[in-house]
Amino acid sequence: MRNALAAWDFGRASRLIRLRGGLRQEDMAHLTGLSQAFLSMLEKGNRRLTNIDKIIEFLTGLGVPADLVALPLPNPPAPATQEQPAQFAGDADPSLPWTAARMVAALDTAVGGSAMDRRRFLTASGVALTAFVSAWDTAEAEPLHRAMQGSRLTDDLLDGLQRTTDSLRTMDASDGSGTLTNLGNRHLQFLKQLAEETSYDEATGRRLAAIIADTATQTGWFVFDSGDRDRPLSYLYAALRAAKASQDARLGAGALSYIAIHGYSTGAPHHAVTAAQRARDKIRKLGTPALEAMLLTRQARGHAKLGERQAALTALGRAAELCAQGRSEHDPHWLYWINDGEIHGQTGSCYLDLGDPRSAVASFTRAREALNPADHRTRGLFLSRAATAHIEQGDLEAGCATAHEVLDLAEKLQSARFDSHVTSMIQQLHPVAHSPYAQDVLERRAAMTATGSRT
């Protein structure tokens, strides 16, 4: 790889990375911004990459360390001494076997690993993420069973453990995740202990792995919603390993949906598109319209962040069609929250990202009418974006009226992610602070912030 980069042989570099990471050319296209057809010709030596901007985009998308290629170079340097290729960090290495022991190690990295473990894990680039997703799709999993010493794992206990995870999910939707991360971590630690110390057959082991996958996904979301943008991936990679052990592709698709949210929320929307598309490929024949509709909204958000209007609207249109079919018996129980309100809200969010506040307002209005009233955080997120859309459209009165509704919810919710949306909404009002409508909102927010700082 060093030799290829030193010689500016980007076709060879692309091929080496793709083969080492188990990637498709389509995956490489999402990472680099180049078309699949161009990459095919590049790898065959029929085309060259000469545009400096495209070269930088190619290298940045693949996470190539800056010290390997100095830009711009007047002449290619002499080939460097060949070294052992760098390994993917920690449990993000897709070449590691998909065994029960590796699943437990991934859990330990997420909930009990040292700071050094997490730093090593978090050095994984977008290439590692895409390769890990590809391995989840294609790798063979070791059957999960343990017939050694230890008490027998019972169905009654597993029923109770699943109810705990479901309760955490319900609490998150109604109150926010501010107090739930520690509870999720403790639940995961207990599940990990059961995987290591109890006795169970293969069917029971698969069920235990399913609960681990569900809980790791949910806890990763708690961590992300609490404002941590890095650590959630360690939970979500652990969830993918557990989902593979459970042999339930729907759980893996659920983890990938949160990887997609992480991507479009942290400046990597192409990761969102890749994760959602790969999950859809895996569950397409399972007869799960609600699950595919949810994944399509995640894919649409990635497209919208990339400015790909038609791709985003096509995905949203298909999501609406699937949602209209209703849930099937094969849709997972944890996906109870997908409804017309969610589809309309995500559509409004896409329009806002695409710079179309008028269409965003219309979609958010439909979302308001169809959302579950008990899902306070989702309502708050969509309302904060609706307020922003009204303000960008020039309807200050409607924007400030909606902003007051957002502040009503902000007094109840504990969600750093929601708070960041409120802050963005408030920032939209500063340029029009002379308006009495804006003054009322700004003064109320200032009073809330002062009260919070005192407590």
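In which helix do Trp221 and Phe224 lie, and how many residues apart are they? Both are in helix α11 (residues 202-225), three residues apart, about one turn of the helix. I took helices as DSSP runs of H or I, at least four residues, numbered from the N terminus.

The model is predicted, so I noted that local features need pLDDT of at least 70 and side-chain atom pairs pLDDT 80 or more, while totals for chains, interfaces and linings use all residues. Numbering runs from 1 along each chain, and side-chain values use heavy atoms without hydrogens or water.

Aromatic pairs. I counted five, pairing rings of Phe, Tyr and Trp (its six-membered ring) with centres within 6.5 Å; planes under 30 degrees apart are stacked, over 60 edge-to-face, the rest tilted. Trp221 and Phe224 are tilted, at 5.9 Å centre to centre and 40 degrees between the planes. Both residues are buried (under 20% relative accessible area; exposed is over 50%, partly exposed in between; 1.4 Å probe, protein chains only).

I then checked Phe364 and Phe382: their ring centres are 6.2 Å apart with planes at 40 degrees, so this pair is tilted. Phe364 is in α18 (residues 357-370) and Phe382 in α19 (residues 376-393), so the pair ties together parts 18 residues apart in sequence. Phe364 is buried at 4% relative accessibility, and Phe382 is buried at 5%.

I also found Trp8, Phe10 and Phe58 in one aromatic cluster.

Helix packing. I read an angle of about 20 degrees between α13 (residues 249-265) and α15 (residues 289-305), with axes 10 Å apart. Axes are lines fitted to C-alpha atoms over the stretch in contact, and angles run from 0 to 180 degrees between N-to-C directions.

Terms used. Helices (H or I, at least four residues) and strands (E, at least two) are DSSP runs, numbered from the N terminus.
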